[in-house]
Amino acid sequence: MSKTKPFVLQVRDLVRKPGYSRELELTVPFGEVVGEGMATVSATRDVEVRGMLESVHEGILATGSATTVADAECSRCLDPTTLDVQVDFTELFAYDRSEDSEVFVVGDSIDIEQIVRDAVVLALPFQPVCRPDCAGLDPETGEKLVPGTARKPEEQIDPRWAALQEFQAQEDVPADSAGDATKE
């Protein structure tokens, strides 16, 4: 059973014809989850690729942009969210394997999947947020904070330093009241 490769493009009309070009339009899913962590592109999400394929002396130059939608979890409040992802790419698919290129024209086709995948993965945020003013979760109660709320946590004294609070309390007592206590 053969697996279709939707990102493999036939370039028979461009191979070894410098100066020839054609537009690239493609809308297909990756077929597997792309990315890891808090933001990923699901296997069924379509990726829209638009650009240009140009024949040059060294090979086929593919330039364009790809857009898709990533599913994410807000790093502040943990709510599910979606993110629009748009990336640009430029890659030369070389004819000659002795070139410094890592991608090649194979027969009469090129495979742009790895180029698009790499660009999308690099554009995914490490710490996605549902919106820029997301206040996150209250660390004490775990409840979602209202956006714009400035939470001031209660000051916690390290138990190892609690004994020093007694010295602070003695300094806070006015000298007159301390002297009156000794006279009685």
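Arginine 97 lies over the face of phenylalanine 104, at 4.6 Å from the ring centre. A charge sits over a ring if NZ of Lys or CZ of Arg is within 6 Å of the ring centre and within 35 degrees of the ring normal. The model is predicted: local features need pLDDT of at least 70 and side-chain atom pairs count only at pLDDT 80 or more, whereas totals for chains, interfaces and linings use all residues. Residues are numbered from 1 along each chain as its sequence is written, and side-chain values use heavy atoms, with hydrogens and water left out.

The structure holds 1 aromatic pair. The rings of phenylalanine 7 and phenylalanine 30 are stacked because their centres are 5.6 Å apart and their planes lie at 20° (rings of Phe, Tyr and Trp, the last by its six-membered ring, pair if their centres lie within 6.5 Å; planes under 30 degrees apart count as stacked, over 60 as edge-to-face and the rest as tilted). Phenylalanine 7 is buried at a relative accessible area of 1%, and phenylalanine 30 is buried at 6%; buried means under 20% relative accessible area, exposed over 50%, and partly exposed in between, with a 1.4 Å probe and protein chains only.

Isoleucine 112 touches Phe7, Leu9, Leu24, Leu26, Val49 and Phe93, not counting residues up to four places away in sequence; contact means heavy atoms within 4.5 Å.
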